[in-house]
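Hi,

Here is the structure I said I'd pass on. Have a look at it first, and then read my notes below.

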Amino acid sequence: MQTVLISGGGIAGTALAYWMHRHGYAVTVVERAAAPRLGGQAVDIRGVALDVVERMGLL
Ligand SMILES: Cc1cc2nc3c(=O)[nH]c(=O)nc-3n(C[C@H](O)[C@H](O)[C@H](O)COP(=O)(O)OP(=O)(O)OC[C@H]3O[C@@H](n4cnc5c(N)ncnc54)[C@H](O)[C@@H]3O)c2cc1C
């Protein structure tokens with residue numbers, strides 16, 4: 001299995017990790033932040049992002 005290292009656990013890094021995992025890669029994501037933002041975060045999904053979350057089964 002091919003491996004890939006993704007630097008950054010924001011939406012770009014985690015979405016890429018999702019798709020590369022789905023396509024058969026062994027994915028590792030590294031994130032410099034010490035912890036998730038436990039206070040939560042507003043999410044405003046519109047435009048092409050709607051297609052992406054639908055294809056990811058998240059809608
Ligand atoms: C206040 C605010 C509100 C917003 N509201 C919305 C909204 O409602 N809807 C919307 O669609 N967009 C919104 N945005 C924009 C949205 O947050 C960004 O477009 C999006 O987060 C970009 O994602 P990204 O993964 O490219 O980058 P980031 O979210 O910046 O993620 C990059 C990650 O990489 C990590 N990183 C950086 N350098 C390294 C390193 N050397 N090693 C390891 N990890 C590293 C960072 O810690 C970070 O977690 C908002 C932005 C702000 C600031």
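Going along the sequence, the protein runs β-α-β-α, which comes to two helices and two strands. Helices here are DSSP runs of H or I with at least four residues, strands are runs of E with at least two, and both are numbered from the N terminus.

Two things to know before you go on. Residues are numbered from 1 along each chain as its sequence is written. This is a predicted model, so to speak: local features need pLDDT of at least 70, side-chain atom pairs count only at pLDDT 80 or more, and totals for chains, interfaces and linings use all residues.

Overall shape: the radius of gyration is 13 Å, while a compact globule of 59 residues would come out near 10 Å. That radius is taken over C-alpha atoms, and the globule rule is 2.2 Å times the number of residues to the power 0.38. Along the principal axes, the C-alpha atoms fill a box of roughly 35 × 30 × 15 Å. As for burial, 0% of the 59 residues count as buried. To be buried, a residue needs 20 or more other C-beta atoms within 10 Å of its own; 12 or fewer makes it exposed, anything in between partly exposed, and C-beta atoms are placed from the backbone.

Now the helices. α1 covers residues 11-22. Its 12 residues reach 16 Å from first C-alpha to last, close to the 16 Å expected at 1.5 Å a residue (the expected span is 1.5 Å times one less than the number of residues). After α1 comes Gly 24, with a positive phi near 95°.

Leaving out residues up to four places away in sequence, Val 53 touches Ile 45, Leu 58 and Leu 59 (contact means C-beta atoms within 7 Å). Tyr 18 is 35 residues from Val 53 along the chain, and their C-alpha atoms are 11 Å apart.

Finally, the ligand. There are 13 residues around it, with Gly 8, Gly 10, Ala 12, Arg 32 and Asp 44 coming nearest (a residue is near if its C-beta atom lies within 6 Å). Helix α1 gives the largest share of this shell, three residues. By class, the shell has five nonpolar, five polar and three charged residues; Asp, Glu, Lys and Arg count as charged, Ala, Val, Leu, Ile, Met, Phe, Trp, Tyr, Cys and Pro as nonpolar, and the others, including Gly, as polar.

Cheers

Notes: Contact = placed C-beta atoms within 7 Å.
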